[in-house]
Amino acid sequence: MNLTAIDWAIVAAYFVFTAAIGFAFTKRGGESLSEYFISGRQVPWWLAGASMVATTFAADTPLVVTGLVAAHGVAGNWLWWNMLMSGMLTVFFFARLWRRANVMTDVEFAEIRYSGKPAAALRGFRALYLAIPINLIILGWVTRAMIKILTISLGLRDVHFGGWTISGEVIAVGICFLITVAYSVAAGMWAVLWTDLVQFVIKMSAVIVLAVFAVSAVGGMDVLKAKLATHFGSEKAALSVLPLSFGEGGVIAYAWMPLLSLAVFLGVQWWAAWYPGAEPGGGGYVAQRIFSAKTERDGVLATLAFQVAHYALRPWPWILTGLATVILYPMGVGPTHDKEAAYVQAFVDLLPTPWRGFMMAGFAAAYMSTVATQLNWGASYLVNDFYRRFVIPAAAHETSKGRSSRVSIGAAILGLVCIVAGLFVFRRTSVVYGGVASLIAALVWVVAARTTERGAPGERHYVTISRWATVFLFLASTVVTAHLSSVEGAWKLLLAIGAGTGLVFILRWYWWRINAWSEISAMIASFVISLIMMRTVALRFAPGDPNADAVVMLVTVAISTAVWLTVTFVTAPEKDAVLDSFYNRVRPGGPGWARVSERLGYGREQIPGGALAWTNWVAGIVAVYASLFGIGKIVFGELTPGLVMLVIAILAFSWIARSFRSETPPPAIAKRQAQAVAAD
């Protein structure tokens, strides 16, 4: 694809504008660790919600949706639409509690809910587990996807330098990555939030424009529907939003989603399995935005806005383009018949100037918003939950001086050796990157040692370390990207730890008896059981049979739940002082805390929102699904049923708004919120 000067000017203007916004917050972001990672808890709901949506719109997201639609029709999206129920659970049952917890990361929660060495070990392990393997593989995936996009769209020439050959696509992605790293390092979360807002507007506008051109290229909506009916066997199979159909014999399941798999998706997986970005009980970068919110009300509204935009508003431009590619590129793209790549090919073939440049800026925005979040989120774990908690806490340690010097010198020597060996002996970029990372680690230790010699490290010290941690994650992610095919197996193993842990993540908020050993045993049991199941039971099914995953999930959840419940009752509960402190801080209420709330003199308190929390949860699910299906009906020309569904959505949203207005926080929480507003 050839880009004109106008196209390139649009792309360049995007980069300049985004970088300017990011760097504008450098001073504010560097004031403290709170400003760097959670924007000083001063973010309005609309900005936090927009950032959540932008972060989950990665460069590869439209490609994945295109692949699902090409294989299974519109209903194929239930592979991720089912997670709405977990998201709404976060809105009405956990967003308030996360904001009240007053923590900087979700893993810090372990040491306000539990105590002693088990709590510390849980916090340290989850910090490293999320920041390094999980985070780096996500970064590697989105980077590889962006390279794929640029390979198809631009076909840039390779660059030869000093005997090295570097593809033009890698250089182009590297430019996006470096700009993102620069403003993320400089300004932290403030830069991430505001650039997310701009990037979301750009990339949503771009995908809408592409959807219009794609449908037009097929011949219009009526022609598209007719050709899809031929391709899939019927219009219903292509365009139905339901993952099943109804016939004379009753409920009929599709081959790609048998009834057992459907039951597990809709009835078990959304609450039982942990997955980055869809954590039962909330967590990850969604929780980070909740922590950043001005008030708990802002946190709730931000999370609700995210669910609406993520599931109801954002998918249809992707879906329309995906359906059009089924007709335009029925065999996919290239010798591998890549159906996902057809999305990129459509942009290459269909968009004229200046929309080509706008779409390129949109892909860059999608990539950069995800990268910025992952870098800042991962660095928050490394610094807040590992470095400040275990390596150099806020107190001077004279005994650490000599050790720090030896570690710094050793790391520096190792780094130089790796760089020289990588360049001139092994000629492998991974060795060079490892050397650079080692040099950065040495520099971090030097900075840390000099700070502790002058006394207790302050906020600016930790901000400096946070910036270096961000750079470290950037370099480490390049190594993972280069070797991604060899770490995909490791990704499956790492996710196995969370296969049956969802229930304990939910109940730890609402049942006093949960302790640190409950979480630890749940992770160990889920990991072991899921591995055994994947190596035994799953092999009894035909390759690609969805029922295999369903059975593995059911057995893993059942056994791991039995294990952690048993461990919970055979180990001692948390001390009363720890439980009292947590309850006073968060006020979760409910029958699971009645023993504690009565001891503290609060009586039997309701959960936040009371019974309305349950009705709001149901209303939220109805509202979003009705909006999703209603918009789809209108898009496909079925105006009457579409409007009916939108009316249902409006009624459900009205119920939620009415209950919000009538809701009264507990007295202690209301007093704390009033003090926070007065301070502002």
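Select Asn102, which is partly exposed, with a relative accessible area of 40%. This residue is found in the loop between α7 (84–101) and α8 (110–113). Its phi is positive, at about 60°, although Asn102 is not a glycine. The model on display is predicted.

Next, display the whole protein chain. The chain has 31 helices and 4 strands, and 58% of its 680 residues count as buried. Among contacts between residues at least 6 apart in sequence, 79% join residues at least 24 apart.

Now select Arg587, in the loop between α27 (576–586) and α28 (594–599). Arg587, too, is a residue other than glycine with a positive phi, here near 50°. Is Arg587 buried or exposed? With 3% relative accessibility, Arg587 counts as buried, because the cut-off for buried is under 20%.

Tyr602 belongs to a cluster linked by ring pairs, together with Phe94, Trp98, Phe109, Phe291, Trp509, Tyr510, Phe582, Tyr583 and Trp593. The structure as a whole holds 39 aromatic pairs. Within the cluster, centre the view on Phe582 and show Arg113, which lies over the face of the Phe582 ring at 5.5 Å from its centre.

Proceed to Ser32, in the loop between α2 (26–29) and α3 (33–38). Ser32 has a relative accessible area of 16% and is therefore buried. Which residues are in contact with Ser32, leaving aside its neighbours within four places in sequence? They are Glu459 and Val463.

Another loop to visit holds Pro354, between α18 (342–350) and α19 (355–391). Show the backbone here: the peptide bond from Thr353 to Pro354 is cis, with omega near 10°.

The last stop is a pair of helices. Select α11 (residues 189–218) and α17 (residues 315–328), whose axes come within 8 Å and cross at roughly 35°. The crossing of α11 and α17 is left-handed. Show the side chains where the helices meet: on α11 they include Met204, Val207, Ile208, Leu210 and Ala211, and on α17 they include Pro317, Trp318, Leu320, Thr321 and Ala324. The residues of this contact divide into 15 nonpolar, 1 polar and no charged.

Technical notes
Residues numbered from 1 in each chain as written. Predicted model: local features only at pLDDT ≥ 70, side-chain atom pairs only at ≥ 80, totals over all residues. Heavy atoms only, no water. Axes fitted to C-alpha atoms, helices over the stretch in contact; angles between N-to-C directions. Helix = DSSP H or I, 4+ residues; strand = E, 2+ residues; numbered from the N terminus. Left-handed = near helix turned anticlockwise from the far one by under 90°. Contact = heavy atoms within 4.5 Å. Nonpolar A, V, L, I, M, F, W, Y, C, P; charged D, E, K, R; others polar. Phe/Tyr/Trp six-rings, centres within 6.5 Å; stacked < 30°, edge-to-face > 60°. Lys NZ or Arg CZ within 6 Å of the ring centre and 35° of its normal. Buried < 20%, exposed > 50% of the residue type's maximum accessible area, 1.4 Å probe, protein only.
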